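Dear colleague,

Please find below the structure that I am handing over to you, together with its sequence. My findings follow directly after it.

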Amino acid sequence: MKLKAIEQGDIGLSASFENGAESLYPYIWLRDNDPSGFHPDTKERTFDLTSVALDIRPHNVRFTADSLSLEWPGSDSTCTFDADWLFRHRLGTRRFDPANVMQKTWSADSLGELPRFHAKDCRDDPRQLAAMLHAFKQIGIVVIDRLADDPHSGERFGDLIGFKRETNYGVMFEVKNKPDPINLAYTALSLPLHTDLANQELIPGAQFLHCIVNGADGGDSVFADGFQVCRDLADEEPDVFDVLKKFSVPWRFYDESCDLIARWPVIRQKDDGQFDALTFNAHLADIPDLEPDDMVTFYAAYQNLMRRIRSDRYRFEYRLEPGEMVIMANRRVLHGRTGFDPNSGPRHLRGYYIDWNEIDSRLRVLYREYPETAPHLPA
């Protein structure tokens, strides 16, 4: 983007661009972000903000269509900003992030079918991996199919994306009927819709579940878009929605070796209006400790949400087959299963978590390497 004009004001420079966009850049902000104040290799900031006065201003300003050059008191070098860089960092405008994918919420009817990608395509073609991650961030759930007939193939697929998250269940966990289970997932019981690990200080961003074998009667997976639930709740019962955003409540898991407690509101929303998280797990809900007057209000809203989540309006059933892996946005997509008969055949899923920052990082790097696949910078 080309620079059209620069004007010096009392607190900063006003820049106009060829497309009509404008921005004011305070002098202290320009000094703090002088490109020479960053290490050339690590890209980390080396400039010491305390070394200059807040009312600093350049004693020489020059610009062309492609750049802005400044000379600062106490510095012998010229500071040069690229015009495109200034445009991308216009103040008062949210910085463009290609990994910030706009959410598309869905109900049971509107989803139709789960987005599907072939494991080999994602492994062999980074563009396909980028497309898969984009769809995942948009919809919150995808299926990876044609995994190799190997119990570790789903685990290896995660290496294409980033580091796996270790929890009290380990890095990898086995979902099957077990003696002396420490989690209801390790039984043959039906599991109501929920999100995982509400008791964690940082709730994992994405859950990967690889189907090794699914030969039992029952055991179908159930999914629902928690953000669609939140959107409908905000539209239809805003008072209930506000209560679930307002109050933080405790969530807990404990056994002989650990005792994990975290406080979260049920619904979190970003500054831009998109939803950030739905935290809902009736089995991990700890003893609420709100004020008595607030408690009844919270219980009414929480019960309302529970009934809404169970509605067929949101419930989407899918039977995972061997060689398939479902990837779910854990702070968005509620998941569960129907009960199964462990005597009718084996059922074994293998899972792990990867945090959102790993997914976003991978997506940004793929877009840098293959810019033709990246979303365009908005004008």
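Asp225 caps the N-terminal end of helix 7, with one of its side-chain oxygens 3.0 Å from the backbone nitrogen of Phe227. Please bear in mind throughout that this is a predicted model. Within helix 7, the buried residues are Gly226, Phe227, Gln228, Val229, Cys230, Asp232 and Leu233. Their cover includes strand 13, helix 8, strand 16 (267–269), strand 17, helix 9 and strand 20.

Helix 9 comprises 18 residues, 292–309. Buried in helix 9 are Met295, Phe298, Ala301, Tyr302, Asn304, Leu305, Met306, Arg308 and Ile309. These buried residues pack against strand 10 (191–194), helix 7 (226–236), helix 8 (238–246), strand 14 (248–254), strand 17 (275–278) and strand 20.

In soluble globular proteins, nonpolar side chains tend to be buried together. The largest nonpolar core here has 33 residues, and the members that touch the most others are Leu244, Val266, Ile267 and Leu305. At least two residues of this core come from each of strand 13 (221–225), helix 7, helix 8, strand 14, strand 15 (259–265), strand 17 and helix 9. The greatest contribution is that of helix 9, with 7 residues. Leu244 illustrates the packing: leaving out residues up to four places away in sequence, Leu244 touches Leu233, Pro265, Val266, Ile267, Phe298, Ala301, Tyr302 and Leu305. Another core, of 30 residues, lies apart from this one and has Phe117, Phe208, Met325 and Leu363 among its members.

Is His335 buried or exposed? Its relative accessibility is 8%, and therefore His335 counts as buried. His335 belongs to strand 20, which covers residues 333–337. A polar contact of 3.4 Å links the side chain of His335 to the side chain of Gln207. Not counting residues up to four places away in sequence, the residues that His335 touches are Pro192, Leu193, His194, Thr195, Asp196, Gln207, Val222, Phe223, Met328 and Asn330.

Leu202 is found in the loop between strand 10 and strand 11 (206–214). With a relative accessibility of 46%, Leu202 counts as partly exposed. Apart from neighbours within four places in sequence, Leu202 is in contact with Arg165, Arg331 and Asp355. Between Leu202 and Arg31 there are 35 Å in space, C-alpha to C-alpha, and the two are 171 residues apart in sequence.

An open sheet is formed by 3 strands in the order 1-2-3, with antiparallel pairing. Its edge strands are strand 1 and strand 3 (22–26), each of which pairs on one side only. On average, neighbouring strands of this sheet are turned by 20 degrees against each other, direction ignored.

Strand 1 (residues 3–8) pairs with strand 2 (residues 12–17) in the antiparallel sense over 5 bridges. Leu3 has Phe17 in strand 2 as its bridge partner.

Most residues other than glycine have a negative phi.

- Lys43, which is not a glycine, has a positive phi of about 70 degrees. Lys43 lies in the loop between helix 1 (27–32) and strand 4 (60–63). Its relative accessible area is 59%, so Lys43 is exposed.
- Arg146 also has a positive phi, near 60 degrees, in a residue other than glycine. Arg146 sits in the loop between strand 8 (141–145) and helix 6 (153–158). Its relative accessible area is 62%, so Arg146 is exposed.

With kind regards

Notes: Residues numbered from 1 in each chain as written. Predicted model: local features only at pLDDT ≥ 70, side-chain atom pairs only at ≥ 80, totals over all residues. Heavy atoms only, no water. Helix = DSSP H or I, 4+ residues; strand = E, 2+ residues; numbered from the N terminus. Buried < 20%, exposed > 50% of the residue type's maximum accessible area, 1.4 Å probe, protein only. Polar contact = N/O pair within 3.5 Å; in protein donor to acceptor, adjacent residues only side chain to side chain. Contact = heavy atoms within 4.5 Å. Expected span 1.5 Å × (residues − 1). Core = buried A, V, L, I, M, F, W, Y, C linked by side-chain atoms within 4.5 Å. Pairing = 2+ DSSP bridges. Axes fitted to C-alpha atoms, helices over the stretch in contact; angles between N-to-C directions.
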